[in-house]
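Subject: Structure handover

Hello,

Here is the structure for you to look at. Please open it first, then read the notes below.

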Amino acid sequence: MLRTSLSLLRRHALAPRLLRAGLRTSAQRSSGNPPMDFPCIDKLESRQRDLLSGPEPTYEKIVTGYQTYQHPSPFTCDHGGQLTGMRIAYETWGTPNPEKSNAILIHTGLSGSSHARSHELNRNPGWWEKFIGPGLAIDTNKFYVICTNVIGGCYGSTGPSSLDESGARYATTFPLLTVNDMVRAQFHLMDHLGIRKLHASVGASMGGMQSLCAAALHSERVGRLVTISACARSHPYSIALRFAQRQALMSDPNFNRGHYYDGVQPHVGMKLARSIATVTYRSGPEWELRFGRRRQKPDQPPALCPDFLIETYLDHQSERFCLQYDANSLLYVSKAMDMFDISHSVTQRLERQRTEKQTACTSVCMDASEQPASEEGHSGVETGDEIMADLVRGVSSAMQPTLVLGVQSDILFPVRQQKEIADILRRAGNTKVTYYELDAMYGHDT
C-alpha cells in the first residue's frame, strides 16, 4: 500500500517538491547545520507553475515575415518516412537577374531561422546582419540571396511541431532526417523559384555540411562553394557532445517521448542541453578573458546554484533559449548532424534506400518506432586510407571554386576537420580550393 501511494505521489505535478520538502525536514532534524538555499531550483519550479497554464511555445512567434513554399507531392526521406505537404520557410534579399544566375543560397546552423538579414517585412536584425547587404561580404547589390529554415526546424518549415494530415502534431512520429534530405528539399525550392544554378552555396556549422552536400551531390547546380567551421563527416567528439544534449533533454519528466505539445514543454531538459551546447560553442581563452574565476557575489558564501560569473552566463543563455526552439527539432536536427557523412558509399546507400522506400511507401510517414536502423555514419570500410578514398569519391564531382574556413579555437569542429574537407576536394582533382584559418578566440561562434 505504501509503495502504491508513493508511486501515485510521484506522478502528481507537486510530488517532486513535496518529496524534497520531506527530505529537507528530515535532514534538518538530524543536523545542526543550516539548510542550503537553492534559488535556481525555486526559479525552475516557479516557471513550471507558470507553464502549467499552457501558453503557446514562444518559438512559434519568434520569426515573422518569411515566405513559404509548399511542395506539391509527398517528400520521401532517406530513411523511409514521408512528408505530405512539405513546407519550407524562406526569405530573400536583392534582386534576381534576368537569367537568375546570381542567386546565393545561405544554409543555417542547427537552430537557425531563415531570418539572416532584416528587411521590410521583419526589421529585426538577422543572424548574419553584418555579412549580408548592400556592399557587404554577400552583396545584395549584386546577388539574389536566399535563406531557408531547414525541414525539421520550427521556424516556418515542416518539422515535428507541424500538423500532420490528421491535424495532430507529428511529434516523434516525424521521420528521421539527413542533411541530404534538407538539401534536396532546398533544391525543390530552387526549382519553384526558377533557379537552375546557384552562383554559390554558403554555410557555417551544419550550414557548412549542407553547402558541401549541395556542391557534391548537386554539383551541376552549384557554381561556388563556401563551407565554414564544418566537416566532411561528423566525428566522435561532436557526436558525443550532441548525444549528451539529447540525453539531458529526453530525461526531462515533461518530455513524454516527444508528445508534450498539449502539456508543459520540457524546458528544464532544453535548458541543460543548451548549457552543454554553449560550452562547446566558445573557447577556454574567451572564458578566461570575459569571466576568469570571478564570482557574482564574492562577499557571500559559495552556493551550489550559479555562483561564478561563467555559471551565471550559462544559466542566463540557456534560460533564454529553452522555450525559443522546439525540443523535438533539436533532437531531429542534431541527429541529422551526427549522421552526416559525404562518403560515396554512404550517399549511395541513402539514395538506394530512399528510392526503394519511395517506390514502396504508401503511408504519410513512418512512426519513429517503425523506422529502420541506420548504418549511416559508417562507410563500411576500416582503414584510414580506405575511409579517405571513400570520402574523395564522395566529392569527386565538386569541382567548383571553393573556400574552406576554420577557426583555430573551435573545439566543436576543430580545424583538422576543415583541413580534411580541403584535402579530399584537392585529392578529387579540385584545383580551386582556398583554405583559411581564423585565429579569433571565440571558438565555434566566431
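First, the angle classes: angles under 35 degrees count as roughly parallel, over 145 as roughly antiparallel, 65 to 115 as roughly perpendicular, and the rest as oblique. Axes are lines fitted to C-alpha atoms, for helices over the stretch in contact, and angles run from 0 to 180 degrees between N-to-C directions.

This is a predicted model: local features need pLDDT of at least 70, side-chain atom pairs count only at pLDDT 80 or more, and totals for chains, interfaces and linings use all residues. Numbering starts from 1 along each chain as its sequence is written, and side-chain values use heavy atoms, with hydrogens and water left out.

Helices (H or I, at least four residues) and strands (E, at least two) are DSSP runs, numbered from the N terminus.

**α6 and α7**

These two pack at about 165°, with axes 7 Å apart. α6 and α7 are therefore roughly antiparallel. Contact means heavy atoms within 4.5 Å. On the α6 side, the contact residues are Leu241, Ala244, Gln245, Ala248 and Leu249. They meet α7 residues including Met270, Leu272, Ala273 and Ile276. The contact has 9 nonpolar, 3 polar and no charged residues. Here Ala, Val, Leu, Ile, Met, Phe, Trp, Tyr, Cys and Pro count as nonpolar, Asp, Glu, Lys and Arg as charged, and the others, Gly among them, as polar.

**α7 and α9**

The angle is about 125°, and the axes lie 8 Å apart. α7 and α9 are therefore oblique to each other. This crossing is right-handed too. From α7, the contact includes Lys271, Arg274 and Ser275; from α9, it includes Tyr313, Asp315 and Glu319. The classes are 5 nonpolar, 4 polar and 4 charged.

**α3 and α7**

α3 (residues 39-51) packs on α7 at about 130°, with axes 11 Å apart. Leu44, Arg47, Gln48 and Leu51 of α3 meet His267, Val268 and Lys271 of α7.

**Largest pocket**

A pocket is an open set of points on a 1 Å grid over the protein atoms alone, where a 1.4 Å probe fits, with protein on both sides within 12 Å along at least five of seven lines. The largest holds about 1,600 Å³. Its lining (residues with an atom within 4 Å of a point) has 43 residues, and Ser111, Gly112, Trp127, Arg274 and Asp445 are the closest to its centre. α6 (236-250), α7 (267-281), α9 (309-321) and β11 (402-407) each give two or more lining residues.

Best wishes

Notes. Points joined across faces, edges and corners; volume = space filled by probe spheres on them. Left-handed = near helix turned anticlockwise from the far one by under 90°.
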